Structures are given as structure tokens and as C-alpha cells.
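Have the sequence and the model open beside you as you go.

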Amino acid sequence: MILKKYSFGIGDRFGHQGKAQLAAIIKAKQQGVNVTPVWNKSYREHTIIGTKHADTRKEADEAVKACRWNEAYFVDADHIGLGNVDKFIKSSDFFTLDVADFIGKPANEVDVNTFIQKHKQYIGSLSIDGVDEPLEITEEIISEIANKTLLAAQQARKIYSHITAAKGADNFITEVSMDETDQPQTPVEMLFILAAIADEGVPAQTIAPKFTGRFNKGVDYVGDVARFAKEFEEDLAVVAFAVKEFGLPENLKLSIHSGSDKFSIYEPMKKAMKKFDAGLHIKTAGTTWLEELIGLAVAGGDGLSIAKEIYAEALKRMDELCGPYATVIDINPAKLPKAQEINKWDGQQFASALQHDQTCPEFNPNLRQLLHVGYKIAAEMGSRFTDALDKYEQAIAANVTENIYERHIKPLFLK
């Protein structure tokens, strides 16, 4: 299986918006840009919502059939490890191998020494097209990187081998995720991480590195855009070099996690992709779930009541809901409206506070982030919430399609 140049990871908490999501991909194709849809859902999300891993496959297959989509599509077992991968084996054909927990743990000394000896040829000053300054590499630097990342690459191989034993080597896409770490990788670190992945025989088609700044859920990038752009270009350059140097898959590309709503960096990303003729995989997390809430609010009646109830409960349970996402949200509680205030709002006021329109004075990024992690409340409503999604399907679907196409695909992939 080969993942094409541009691909879009579509998160859908409740599995109701497959057709609406695919409609955005179809609109892009009609404009001459082929984007491969990848439905992704993590073990944590399935656990919280109470869905089965096969449900995501069912949603994708039904959307593809209904929309008569005749191009490739995939179902991603998002952020899996050896402890939970078996639950996804049958239904998934894209696996995001999460090895972040193994970064920083020292590898076996013999393995480190073997790695150093294999890659001693790079010691010295290494020039890579697209990286402004030559990479200054010493044996100590290779040793330090190997001690920090080799164990993670070895773990990626163990997970990959486990999946291969069950599915066969050519029947799935492999992504290696190293984004959930404290510090962004330098170009030198990226080079030797990719060397280690190649040494371990993991045919990664996408890799998710850590970048500077904050990629908070559902809101814009927070950080130095110019610095991010430099890191992004350097990573593209190193990936292109590593593909040729280490024999990694020719279509290897960067994957941006929590990539939804990062509007301020889309233009630099598009510019860099054009410069390097590079592809991109981007994951959009829970954006679709928020569009469902917006659609319910605008619908009024019981839809608005459900949206208000979810917010009020999320406000009461903020610590519980935010805990698992502490590193990817930044909420100022003082700027969250009280439940009593929300209760006075009409549907448009609720939608204006939630919808990610930075030109709107009513937009509240704190409220948006809280509701982003508040999907557990909706899950606890059971059929009351999902019945409302069915009842207001038309309005919600229009929001979902517009959000993915206008705010994400167009600024990233269309000329």
C-alpha cells in the first residue's frame, strides 16, 4: 500500500460525519487536488466514547460507498503501541506507531556502539540541500542521539513486526510518531532518527516530529511562526536526504499532529511543500466534533439545549476532562463564561463563541478548547446526543464540509 502525496487524517469522535468529511475531499478533487482521506481514531477516544475499533472502518466504508469515492482511503489506528494494537489489527490499514514513551530511555550499550560504527561516515561537516548551515556531527553527538532515540526506533520495529505477522508487510501504511516529546528535534537528530528507523527495517511512509511552539487542540498555532517555518523546511530537507541515503520509502513525508486550525502556519507550510515538492499528512483531531456542536446550537430547540448542557457539565468537570490533554491545551478559567451566562445565549451567540473565526469578537478560544476535550460528556448522553446528530444532520454536515474544505484543505493544498 502506498500513501499518496497529500493525505488528510480525519478525526470523527462519534462516527456520524464520514460522508460530510469525504465531501470536502471530493471538492478538492474537483479543483484538481488529490487528497487521500484517512479516518483516524485513537484507543483513548474509543474507550471514552464506548465505540469499537471496527466502527471507524464501518463509517469509512459506508461513506466511500455512499459518495461513490473510487480513490484510495485508509483507517488509522492512531497512537497505538504493543499493548493495544491487536484491537485494531483487523479493521485498520494505517498504523501510527507511538513510541514517544521510549524517547530518552537509554538503549543497550552494544546497540549504541553498533549504530555509531555504522554511521561514522557522517562525522564531520555534512551539507544537506535546503538546510542553511552544514550539520556539524561528532561521534559524541551520534552517541547522544542514539542513547536518546534508538530504543524508540527498536520499539517501532517491534510494533511493526507484530502487525506484519498478522496482516502481511504490504497491507498497511506505517507512521512513526515522535511528536509527544518535550523538545523539537534538531536536523541532526532527525537525520539519525530516520537512520535508526531505516536500520530497524521500518518502512515508514510518514513521520511525526516535534516542532517548536504549541499545537493546542482546536485553536491556532502558538509560537514563533518564522522559527516553525525554518524547522519545517529543515525537516523536509532532511527527509528528502534520508530517503536517498538510507533507502526509506520514496513517498516518506511529514505528519503534523493536532494540525487542525493551525491557520497561521498553513501558508509557510504550503510554501515549503512547493519549494521541496514535498507531500504532507495532517491530522485534524476533534474539529468535526466541534462542528457538530455548532450545528446543534444553530439548530436551536433541543439541539441548543444539548450544547448548553454539555458546556455546563464540562465546566463543572474541567479538571477531569483536561487532565489527559494537559500538554495540548491552554485554558484560562477566568475567561470561560459562566453556565448561567451561556443559558441566556441564543444559538448564534453560542456558535460565534465556539466557531474558529478569529475576526469575530465573540470567538472564545478558551471555551473552544474546553469543549474540544468535553466530548466525554456527549458520549455519556448516549442516544440522546447521537439522535440529535441524526435529527440535524443536514445543518451539521454543511458545517463539517465547509470547515475541512475552506479552512484546511484550501489554504494548505490549493493554489
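**Exercise 1. Explain how Glu231 and Arg227 are placed along helix α7 (residues 225–246), and describe their contact.**

Step 1: Glu231 and Arg227 are separated by about one helical turn, because they sit four residues apart in helix α7. Helices (H or I, at least four residues) and strands (E, at least two) are DSSP runs, numbered from the N terminus.

Step 2: Their side chains meet in a salt bridge, 3.5 Å from N to O. The term means a side-chain nitrogen of Lys or Arg within 4 Å of a carboxyl oxygen of Asp or Glu.

Step 3: Glu231 is buried at 12% relative accessibility, while Arg227 is partly exposed at 47%. Buried means under 20% relative accessible area, exposed over 50%, and partly exposed in between (1.4 Å probe, protein chains only).

A note before you continue: this is a predicted model, in which local features need pLDDT of at least 70 and side-chain atom pairs count only at pLDDT 80 or more, whereas totals for chains, interfaces and linings use all residues. Residues are numbered from 1 along each chain as its sequence is written, and side-chain values use heavy atoms, with hydrogens and water left out.

**Exercise 2. Find the salt-bridge partner of Lys230 and say whether each residue is buried or partly exposed.**

Step 1: The partner is Glu234, with the closest N and O atoms 2.6 Å apart.

Step 2: Both residues belong to helix α7 and lie four residues apart, about one turn of the helix.

Step 3: Lys230 is partly exposed at 45% relative accessibility, and Glu234 is buried at 10%.

**Exercise 3. Work out which parts of the chain the salt bridge of Asp78 links.**

Step 1: Asp78 pairs with Lys283, and their closest N and O atoms are 2.6 Å apart.

Step 2: This pair links distant parts of the chain, 205 residues apart: Asp78 is in strand β3 (residues 74–80) and Lys283 in strand β10 (residues 280–283).

Step 3: Asp78 is buried at 7% relative accessibility; Lys283 is buried too, at 3%.
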